[in-house]
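Subject: Structure handover

Hello,

Here is the structure you are taking over. Please open it alongside this message; my notes on what was found come after it.

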Amino acid sequence: ARHRHTTVVGLPELTGLLAIASAPVGTPAPADVLAEAAGHPFRPFRLVVAHAQALSGDLPTALRLLGDDLDLGGDYGALAAGCLAVEVLRIAGDDRLGHAVDQIRPFAHEVATYGSVQSFGSAALFVGSGLLALGGSREEGHLLLERAVAVNEGLRAVRWLAEARDRLGPG
């Protein structure tokens, strides 16, 4: 049902995703990728770039790329976009975080992917991190991070496994 409006992944998207995934975490997106994302119609691509910008500390650009529409959508990259929206809002301390977490919470048991192109590991990482940032459901957030560790370990999703372990803290 979430794949109603599927599009084809184009070369500018693929090269942009590769540039971001190949760079150390915290590196801003290259200028050409940022320019491509600014007017790009596909929300998941914009969110991958927004996430890179947020991790680099460029929160105004990250929030501009995120935009106002936090609804999950119905394409092959929707869950990944929703998870990265949670990350951008969490990093920025934005008050829309609760709504973004609610959008992905029903899918905490799934793996967030950008189609067959890129995996962002267990969606439980993003739901749990969002819940903990909101300060509410600490026990649920902790359990979700434990789930994210187990799933990401099974997937061998090295980057996202490290994130989940880091956010879970010492056991």
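For the helix pairs below, an axis is a line fitted to C-alpha atoms over the stretch in contact, and the angle between two axes runs from 0 to 180 degrees between N-to-C directions. Please keep in mind that this is a predicted model.

Helix packing

Two packed helices are described by the angle between their axes and the distance between the axes. Helix 5 and helix 6 have axes that come within 9 Å of each other and cross at roughly 155 degrees. Angles over 145 degrees count as roughly antiparallel, so helix 5 is roughly antiparallel to helix 6. The crossing of helix 5 and helix 6 is left-handed.

Helix 6 (residues 97-104) also pairs with helix 7 (residues 123-134): their axes come within 10 Å and cross at roughly 150 degrees. Helix 6 is therefore roughly antiparallel to helix 7. This crossing, of helix 6 and helix 7, is left-handed as well.

Salt bridges

How many salt bridges does a search of the whole structure find? The count is seven, and three of them are described here, one by one.

Is each partner buried or exposed? Glu87 has a relative accessible area of 0%, so Glu87 is buried. Arg90 has a relative accessible area of 27% and is therefore partly exposed.

Another is the salt bridge between Asp94 and Arg96, where the closest N and O atoms are 2.9 Å apart. Asp94, at 19% relative accessibility, counts as buried, because the cut-off for buried is under 20%. Arg96 has a relative accessible area of 21% and is partly exposed.

The side chains of Glu140 and Arg105 also meet in a salt bridge, at 2.3 Å from N to O. This pair links distant parts of the chain, since Glu140 is in helix 8 and Arg105 is in the loop between helix 6 and strand 1, 35 residues apart. Glu140 is partly exposed at a relative accessible area of 30%, and Arg105 counts as partly exposed at 29%.

Salt bridges that share partners also join Glu87, Arg90, Glu163 and Arg167 into one network.

A loop residue with positive phi

Most residues other than glycine have a negative phi. Arg156 is not a glycine, yet its phi is positive, at about 60 degrees. Where is Arg156 placed? Arg156 sits in the loop between helix 8 (138-155) and helix 9 (158-168). With 73% relative accessibility, Arg156 counts as exposed.

A nonpolar surface patch

Which residues make the nonpolar surface patch of about 260 Å²? The patch is made by Leu11, Leu14 and Val117. Val117 belongs to the loop between strand 1 (111-114) and strand 2 (118-122). At 37% relative accessibility, Val117 counts as partly exposed.

Regards

Key: Residues are numbered from 1 along each chain as its sequence is written. This is a predicted model: local features need pLDDT of at least 70, side-chain atom pairs count only at pLDDT 80 or more; totals for chains, interfaces and linings use all residues. Side-chain values use heavy atoms; hydrogens and water are left out. Patches are made of residues with over 30% relative accessible area and no salt bridge: like charges are joined within 9 Å, nonpolar side chains (Val, Leu, Ile, Met, Phe, Trp, Tyr) within 5 Å. Accessible areas come from the Shrake-Rupley method with a 1.4 Å probe; for residues, only the protein chains shown count as cover. A salt bridge is a side-chain nitrogen of Lys or Arg within 4 Å of a carboxyl oxygen of Asp or Glu. Helices (H or I, at least four residues) and strands (E, at least two) are DSSP runs, numbered from the N terminus. Buried means under 20% relative accessible area, exposed over 50%, partly exposed in between (1.4 Å probe, protein chains only). Angles under 35 degrees count as roughly parallel, over 145 as roughly antiparallel, 65 to 115 as roughly perpendicular and the rest as oblique. A crossing is left-handed if the near helix is turned anticlockwise from the far one by less than a right angle, and right-handed if clockwise.
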